Structure formats: structure tokens, C-alpha cells
Amino acid sequence: MLPRRLWLWIALGLLVLILGGVVLQAINQLLWQLSYWLPSWLVGPLLLIVLAALLLAAAQIGWPWLQAWRRSAGRGGAKGGPDLRPSRNRREAAERSLGSIDRTLERVRDAVEREALSQERQRMQTELERGDLVIVVFGTGSAGKTSLIRALLNKLVGQVGAAMGSTITTARYRLRLKGLERAVILEDTPGILEAGGEGADRERLARRQAARADLLLLVVDGDLRAAEMEVFEALAGLGKRLLLVLNKCDLRGEREEERLLALLRRRCQGRLAAEDVIPASAAPQSVPMPGGRPRQPMPEVEALLRRIASVLHADGEELIADNLLLQCRQLGEASRALLDRQRRQDAEQIVDRYMWIGASVVVVTPLPGVDLLATAAVNAQMVVEIGRLYGVSLDRVSAQDLALSVGRTLASLGLIKGGVALLTSALSLNLPAVLMTRALQAVSAAWLTRVAGRSFITYFKQDQDWGDGGLQEVLQREYDLNRREDVLRSFLKAALQRVVEPLQRQGLRLPPRPEGRRPKPQAEGEAADRDYPAP
């Protein structure tokens with residue numbers, strides 16, 4: 001049986017033969033008709049003209065379609081372009097996310113920012129390939145985090161039984177679990193909910209560590225208080241696997257422990273599975289012995305160890321991939337935000353340049369009315385450059401239509417009159433009337449171009465969408481932002497340097513007075529000589 005691709009080629013070949021036969025038949029019929037009605041010497045040239053016109057029309061219709069197809073094919077098949085195939089697993093999805101971050105970083109110009117993001121990206125790549133499973137122990141300073149880690153490692157680590165706030169930095173401990181190829185890192189973090197500025201700094205450090213964890217342990221020693229509930233909600237909202245550990249169970253009776261576990265499971269319902277709320281006793285209190293030394297019970301962390309081992313054996317690789325996907329998303333958002341800031345700065349420079357170009361046009365050729373309809377040519381080129389910066393190609397006609405629509409909307413909202421009135425009151429200068437009029441027109445044109453240009457930046461940043469409120473809302477928002485006192489003061493300072501002061505230096509260039517015909521003074525009562533027409 002022939003393959004499907006070969007059948008498609010055979011069908012395409014037959015279609016080409018049929019179309020070719022139809023074209024030849026039409027040409028033959030046309031040639032016969034022309035030979036019947038025209039002299040033989042005129043048939044050939046006329047037929048060539050008709051064929052050339054048909055070919056030109058076909059090219060005019062087909063060329064834009066061919067260009068669009070080539071661009072889309074180039075984007076889809078270019079080397080280094082985004083791979084649109086679905087990911088087979090989370091690991092592959094994480095690798096693709098790292099590749100997309102590379103493509104974003106290539107366009108970041110700031111060397112320091114790019115290097116910092118590149119180092120973070122390299123760290124995630126290393127974790128994906130050879131990294132350990134990271135478990136971060138999180139909780140209040142008195143919940144017994146360090147004691148729990150000591151019990152899990154079955155050896156003394158850190159300072160146990162110290163006052164709240166003694167853990168001021170993160171501490172890392174290595175653990176090997178049977179059957180796991182990767183090592184397990186236990187991280188003890190500074191306590192949360194501590195008072196003072198230093199306590200807040202330590203809590204921020206702990207949250208940053210939690211954001212990089214593959215598995216989180218939140219240690220509590222009782223019911224979740226309001227502040228602890230907020231922490232739990234924040235950790236659960238990170239999208240990571242979370243285990244809630246109820247520590248110090250030795251201080252409660254069996255029934256009290258069961259009641260607390262049931263209460264915690266109800267509070268965490270929808271966020272955690274019931275088996276992920278686990279009792280533990282990391283450092284049981286010693287039991288007095290009559291006539292002898294107190295007996296120190298062994299820590300009760302077997303249930304927690306079994307749950308950790310179960311989770312890591314079943315989902316360890318997926319936890320790493322999920323964690324890296326989350327970190328990739330955060331890093332990707334950070335790099336895109338950096339790229340957006342870079343684009344915004346470049347776009348604002350474009351707006352500033354065309355703002356003063358428009359003002360110069362008005363100074364040289366005063367306009368009867370200051371609006372963006374009159375300066376649409378300048379603003380159309382501004383739109384083209386801003387669009388190109390955001391990866392959008394606009395032709396001159398489309399850009400001019402967009403500039404005109406913004407100008408009409410500015411006029412319909414009354415923002416042009418409001419802007420001119422605002423600048424008139426601000427530009428209270430001791431200038432001649434004509435000079436003042438020209439300066440006001442130029443500065444107003446520049447200011448309105450600024451409002452329009454920044455609106456175009458919003459339009460292209462939102463993928464050529466004005467948003468839910470439409471063009472009117474964007475223009476009104478930019479108008480209000482640019483009429484703020486600090487922004488307007490900065491603009492007027494630049495306008496005085498670029499527009500008003502050059503006009504003052506140059507002065508008003510009036511036409512020269514004609515020479516040779518100056519009126520002579522007349523004495524009182526003396527009639528002036530006049531040329532009267534002959535009777």
C-alpha cells in the first residue's frame with residue numbers, strides 16, 4: 001500500500017495538470033477570438049499584454065499570502081525557536097522552560113541584570129541534572145524545627161532547646177534514604193512570626209528558602225493560630241508539596257492528640273490530604289524515675305520518616321521537576337519584566353524624540369490648530385518605531401490610521417482643549433503675542449504627542465489591545481498621569497530649553513520693510529499730492 005504522503009503528491013500533480021490544461025485551453029480560445037476580430041500583426045502583442053496583466057494581478061494577490069506563509073514557517077521551523085510540541089513529562093517541560101529563558105535573556109542589554117539571571121538559570125539547570133532533593137523545615141521559633149531535624153538525622157545538630165530566635169541563618173544537613181539516587185537536604189530556616197525588624201528579615205530569608213524547596217515541612221505545636229494560618233495559606237499557595245507536622249505530642253494525651261489532628265485536617269481540607277498531617281514528638285520530655293536518673297524517651301518521628309520516604313520515592317523526580325517549573329516560571333516572569341522595562345525605556349525615548357520633532361515642525365510651520373490630526377505624519381512614524389520595538393510590523397497607512405484615531409479620540413474627549421488650557425496657564429511668559437502663540441502651539445503639540453505616544457506603548461505592550469476600557473480609558477489615564485505636578489514641571493523645564501529659549505534667541509523673523517517708499521510728513525493743512533485718474 002502506498003504511503004499517505006505519496007498519495008498527496010500524486011493528487012497534487014494531477015491538480016497541476018488539470019489547471020495547466022484549463023489555462024492552455026483559455027489561452028487558445030482567447031487567441032482564436034483575437035484572430036477573428038483583429039489583424040494578425042496585432043494579435044501577438046495584445047495577447048502578451050493580456051497575459052502580463054493576468055500575471056501581475058496574480059502576483060499582487062499571491063505575494064502577501066506567500067510572505068505571510070514564509071514568516072510563519074520561519075517562526076515555526078527556525079533553529080532556536082520555541083518548540084510547540086507537547087511535553088511528555090514535567091522534566092521535559094522544565095528543560096523547555098529553561099530554553100525559553102535563554103531566548104529571553106539574549107535580548108536583555110543590562111549586563112549586570114543579565115548575569116544575575118543567567119546564574120540563577122544555571123543553578124536550576126544543575127539542580128535538574130544532578131541536584132539533591134531539598135526539604136525545608138518551616139515554623140515558629142518555638143515549634144521545635146531543629147529538634148525535629150536532629151531526630152530525623154538521629155544525631156545532634158544545631159542548638160536545641162535555645163530561646164526563640166536563636167536560628168538566624170539557614171542550616172543545611174545531608175541525609176541518605178535507601179532506594180533514592182539523589183541525596184536529601186534538610187534545611188533549618190529562621191523562625192517566623194518573630195518581633196522586630198531582625199525577625200522580619202529572618203522571616204523573609206526563610207520564605208525565600210521555602211520558594212526553592214522541593215518539599216516543605218511546616219512544624220506547629222498546637223492548633224493553627226491566625227498568623228500561622230496566614231503562613232500556611234502562603235506556603236500552600238506556592239504550589240509545592242507540603243507536609244504539616246504536629247510536634248510535641250508527648251505533652252498531650254492520646255485523645256487530645258487525636259482531637260488536634262482532626263481539627264488540623266479539617267482546617268487544611270482542600271489544601272492537604274489527611275495523611276499529610278502527621279504527629280511527631282521530636283524531643284520528648286524526660287520521665288522521672290524513683291530512686292534513679294530520669295528516663296529520656298526516644299523521639300517519635302517514625303510516621304513522619306515513613307511519609308517523607310513514601311513521598312520522595314513515589315514523586316521525588318516529579319517534585320524536583322515541579323519545583324523547577326515553578327522557579328522557571330518565576331525566573332521567566334522576572335526576565336520578561338526586565339525585558340519589558342528595557343522596551344519601555346526604549347519606547348519612551350522614541351516618544352521623547354518625536355515629541356520634540358513635532359514641536360519643531362510646529363515652530364517652522366505654525367498650524368492653525370494644535371492637534372494630532374495635524375501632526376499625524378510625525379506620529380505615524382512614531383507608531384511604526386514603537387511597534388517595531390514590540391515585534392509588530394506596521395505599514396505607513398496602518399500607522400497613520402492608528403495615529404488619526406488617537407487624535408480624533410483626544411479631540412472628542414476634550415483633552416486637546418484641556419491640555420492647551422493647562423499649558424497656557426503654566427507658560428505665563430513675557431513674550432510677544434505672536435511669539436507666545438507659536439511657542440504655545442509647539443509645546444502643546446509636544447505634550448499631546450507625549451500623551452499619545454505613551455498610550456501607544458500601552459497598546460503594543462498589551463498585544464495590540466486597548467484593554468477592557470478601550471482607547472478612551474487609556475488616553476484619559478495617560479492624560480491624568482502627564483498632568484501631575486511633578487511630571488508637568490519636568491516637561492515644562494525641557495520645553496523651555498528646547499522650544500521657548502531658542503525662539504527667544506532667534507526672535508520673531510518678520511518680513512523686511514520695503515525700501516524707497518516712505519511717507520513724508522505733511523504740514524498741518526497741507527493737502528497730500530495724490531494721483532487722480534484722468535477725467
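In helix H5 of this predicted model, the buried residues are Lys 145, Thr 146, Ser 147, Leu 148, Ile 149, Ala 151, Leu 152 and Leu 153, where buried denotes under 20% relative accessible area, exposed over 50% and partly exposed in between (1.4 Å probe, protein chains only). Helix H5 spans residues 145-153, and because 8 of its 9 residues are buried, it is largely enclosed by the rest of the structure. Asn 154 follows H5 and has a positive phi, near 60 degrees. Helices (H or I, at least four residues) and strands (E, at least two) are DSSP runs, numbered from the N terminus.

The model is predicted, with pLDDT of at least 70 required for local features and 80 or more for side-chain atom pairs, while totals for chains, interfaces and linings use all residues. Residues are numbered from 1 along each chain as its sequence is written, and side-chain values use heavy atoms, with hydrogens and water left out.

An open sheet of mixed pairing is formed by 6 strands in the order S2-S3-S1-S4-S5-S6; two strands pair if DSSP finds at least two bridges between them. Strand S2 (171-175) and strand S6 (277-279) are the edge strands, each pairing on one side only. Neighbouring strands are turned against each other by 25 degrees on average, direction ignored. Axes are lines fitted to C-alpha atoms, for helices over the stretch in contact, and angles run from 0 to 180 degrees between N-to-C directions.

Within the sheet, strand S4 (residues 215-220) pairs with strand S5 (residues 241-246) in the parallel sense over 6 bridges, and Val 219 has Val 245 in S5 as its bridge partner. Helix H7 (residues 226-236) packs on the sheet, where it touches strand S1 (133-139), S4 and S5, and its direction makes about 170 degrees with that of S4. Helix H8 (residues 254-267) lies across S4, S5 and S6 and runs at about 160 degrees to S6.

Helix H14 (residues 470-482) and helix H11 (residues 396-412) have axes that come within 10 Å and cross at roughly 70 degrees. H11 is therefore roughly perpendicular to H14, a class covering 65 to 115 degrees, with angles under 35 counted as roughly parallel, over 145 as roughly antiparallel and the rest as oblique. Ser 405, Val 406, Thr 409 and Leu 410 of H11 meet Leu 471, Gln 472 and Leu 475 of H14, contact meaning heavy atoms within 4.5 Å.

The axes of H14 and helix H12 (residues 415-426) come within 12 Å and cross at roughly 5 degrees; these two helices are therefore roughly parallel to each other. Leu 415, Gly 418 and Gly 419 of H12 make the contact with Leu 475, Gln 476 and Tyr 479 of H14.
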